[in-house]
Amino acid sequence: MPKNDCEIALILEKCSKKEFKSNKNKFTKPTMDSKTIRQTFLDFFASKGHRIVASAPVVLKNDPTLMFTNAGMNQFKDYFLGNKESEYARIADTQKCLRVSGKHNDLEEVGIDTYHHTLFEMLGNWSFGDYFKAEAIEWSWELLTKVYQLPKDRIYVTVFGGDEKENLERDDEAFQLWKKFTTEDRILYGSKKDNFWEMGAQGPCGPCTEIHIDLRSEAEIAKIPGKELVNESHPEVIEIWNNVFMQYNRKADGSLELLPAQHVDTGMGFERLCMAIQQKTSNYDTDVFQPTIQFIAQQSGIAYGAAEKTDIAMRVLADHIRAIAFTIADGQLPSNNKAGYVIRRILRRAVRYYFTFLGFNEPFLHKLVAIIADQFAAVFPELKAQQDFVTRVILEEENSFLRTLEIGLKKLEQITAENNASKLIEGKVVFELFDTYGFPLDLTALIAREKGWTIDEVGFDEAMLIQKTRSKKAAASETGDWIAISETDKVEFVGYDHLQVKTKIVKYRTVKANNKEQYQIVLDTTPFYAESGGQVGDSGILKSAKEQIKVLDTKKENDLIIHLVDKLPTDFDIDFDAVVNDKKRFNIEINHSATHLLHAALKQVLGAHVNQKGSLVNDKILRFDFSHFSKMTDEEITQVERIVNAKIRANIPLYEQRNVPIEDARKMGATALFGEKYGDYVRVITFDKNYSVEFCGGTHTKATGNIGFVKITAESSVAAGVRRLEAVTGEAAELWVAEQTAILEGVKEVLKQPKDVVKSLETLIEERNQLQKNMEVFYAKEGQQVKEMLLKKVVSVDGVNRIVEKVSISSSEVLKQVAFELKAKLENLYLILAADVQGKPNVTVMFADNLVKEKNLHAGNMVRDLAKEIEGGGGGQPFYATAGGKNIAGLDRVLAIANEQVAI
């Protein structure tokens, strides 16, 4: 691991100066470093009147269609749909994107080729109802050829060639616009697949024009013209920029409708652009990746470029660490579910590569965080701010997976050690290794091949298909199109100030999930808070003179507030009273305010490193996740409770500020949450300016005294470096205390009202432990006696030591110990015991290993047959098996059958 900032800076400086695989037969011009390339893009569009905005978090929170930001336009989706108006008509940014799930899934190509990535930067410029094709095309050409000085004779462009099926004409307008800047032979018509951009099955879409560049040598170009390799997956004839002209909305039935206004959405792959400008043959040879790759090479002692397998492994690590580090910094911890599972899968893929190909048997990935954090500190500062936390989370994940990897390797060893003539590992076993231990197919195949075995790939594919089919069925849902009732585009939330308002329905739709129909409604004015920031959505009713409709929940889809209702109204055009369940809202509010008080208290008690990592606030409990690397002591928990409850007794009034300029809020010392996307103006919630000041969009109680008091009920670990507090407030806290008091009184009554309950319980436990020790001594003696008795009953037949007896014993564990000791003492053991274990029947069968092989014996099969006589069941291994039952009278019959069956 780089020891300090100076060492990191030295690595970055060396890599910025070093040439890696530069194609000397390309064009010659001064090159820029990646930081300059990025800033030049932003400066160029700022000069064209664009507002430069920060990247949104890579982890999405209010979009049910996506887990991660996979395109620069995601954060602007509501503007394209007309759900929200942009404050700025022109915007530009560099956006962190992740493509590892769903339609845009590049994971398996990453590292194998030289231009796919999990996390990548997308440079983009947007127009919301302002400029359109002419300006977008002109500025693209100007930036690439005049500012970046990329050669015009290496650039090709594609435009949409139309689609008869959807009755879409070809984009001749874009073709004519491009003719102003380049020759016709460099303008190519493309298919709907390549030149009609769609975000998903539904949503904004439109024709696009792609800009490609040919980075090959002159000799290669002379053999095959670049135009023949456009969109043919050639690693050096690549798309660098896509200008999408958003004109349509794809509806649920597949049809297209015009959007309310025309927009421009462009995306340029930053890493590919750097490759072109820096004249490299691979994205990984640019100064974006080389600092990381050279550190890996140094630590492994393997030069980058030495061998294809190790090169791929280094590229995988250099790519994957960016995806892992930035998603954790943006609030998504590795886990076994949804987005967390995706990150864990990426991390484990990286571990498998360094474990298999680079010779690292100890955690290594976490050592790369410092390099990435320093490299991107100016553009994505959230990683640098959480560098220690992210490093420790990755380290714990690596340790955990390396242990799992070891278990999986042992399992493979066991399988390949079996005497299997086919030397084939079954597909279901290969799938188990993949699903349980994280072994990819190729790793299992590699290990098997080294041992002279093969794997059943067909069986693996079948098992994988079954799992995927099951998952798809579980997640199946069908969302209908919105049906508009009103022409209004404005949806106003008034729930901070009102719990009941007059409203009208703007639009509605039907959603089918798990074969059930649900209904969703959008209101022009709503007091219902939509689930966000850990706070659950409001419920309540919509009522009119004609009917009453239950609002079951309220959620956000991007920034659109959606009400889930039990039925649709009979008349959509009338006014409704929207009424929030006020008791539920009150309890939610006191729990939410209590999380702010807890957050501040935790910082006081544990230190400034404490940051919120998640929360759940509903009307019953609150849950607060925070960064901290050790279990809280009872004293620390008590101290936090005392601080919080003192603030509650002080009855501090809520000080709410809306539309505060974000820089002003930061100057106030307001705590912002990592992984949240904030606009230029924020809402600030304060309970004592010297205690708790936070950015927050949730609802809160008017004064801390309403909380009553807080009782922490649990403290636990959520993930590496993240702890969780669970607590109750108000009436729920009173109820919890009453329940605990009742339990304590019950214990005191059982103990005959002792003066010191704790001491009495300690005495009981000590007495129990002593009794346990006495019993163990008794069991040991009993086992020895039974063993000695059975040794006297051995019948030797043709060299086989046969014991078939009925015994009485106190414990099945003692019986097991006796069986194993007899096996160790007697060669060629054939043992069947019919045991009375404190009134319960038991059958134990034990065979010597050599008899299992020579006589084809199987204890498990035999014990299943004998268990029928005691009305029970059991099983086990070929050499040892047991069974229990209900009919103790059947033991004599077990013994009789065992004596009749001369199996040897």
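This passage walks through helix H10, the aromatic pairs, the salt bridges and the cysteines of the structure.

The model is predicted, so local features are reported at pLDDT of at least 70 and side-chain atom pairs only at pLDDT 80 or more, while totals for chains, interfaces and linings use all residues. Residues are numbered from 1 along each chain as its sequence is written, and side-chain values use heavy atoms, with hydrogens and water left out.

Of the 22 residues in H10, 20 are buried (buried means under 20% relative accessible area, exposed over 50%, and partly exposed in between, with a 1.4 Å probe and protein chains only). Asp311 belongs to H10 and is itself buried, with a relative accessible area of 7%. A polar atom of the Asp311 side chain lies 2.6 Å from the backbone nitrogen of Gly305. The C-alpha atom of Asp311 is also 9.3 Å from that of Ala297, 14 residues away along the chain. After the helix comes Gly331, with a positive phi near 105°.

Phe326 and Phe376 make an edge-to-face pair, 5.7 Å centre to centre with 85° between the planes. This pair links distant parts of the chain, 50 residues apart: Phe326 is in H10, and Phe376 is in the loop between helix H12 (369-375) and helix H13 (381-385). Phe326 is buried at 1% relative accessibility, and Phe376 is buried at 3%. Phe431 and Phe434 form a tilted pair, with 6.1 Å between centres and 40° between planes. These two are separated by about one helical turn because they are three residues apart in helix H15 (residues 427-437). Phe431 is buried at 12%, whereas Phe434 is partly exposed at 25%. Elsewhere, Phe41, Phe44, Phe45 and Trp241 form one aromatic cluster.

Charged side chains come next, with 48 salt bridges in the structure (a side-chain nitrogen of Lys or Arg within 4 Å of a carboxyl oxygen of Asp or Glu). One of them joins Glu656 to Arg683, with the closest N and O atoms 2.7 Å apart. Glu656 is in strand E27 (residues 655-661) and Arg683 in strand E28 (residues 681-687), so the bridge ties together parts 27 residues apart in sequence. Glu656 is partly exposed at 25%, while Arg683 is buried at 11%. Arg683 also lies over the face of Tyr496, 3.6 Å from the ring centre (a charge sits over a ring if NZ of Lys or CZ of Arg is within 6 Å of the ring centre and within 35 degrees of the ring normal). Another network of salt bridges links Glu166, Lys192, Glu198 and Arg250.

Finally, the structure holds zero disulfides (pairs of cysteine sulfur atoms within 2.5 Å). For Cys208, the nearest cysteine sulfur is that of Cys205, 11 Å away.

Methods
Helices (H or I, at least four residues) and strands (E, at least two) are DSSP runs, numbered from the N terminus. The expected span of a helix is 1.5 Å times one less than its number of residues. Rings of Phe, Tyr and Trp (its six-membered ring) pair if their centres lie within 6.5 Å; planes under 30 degrees apart count as stacked, over 60 as edge-to-face and the rest as tilted. A polar contact is a pair of N or O atoms within 3.5 Å; within protein, one must be able to donate a hydrogen and the other to accept it, and residues adjacent in sequence count only if both atoms are side-chain atoms.
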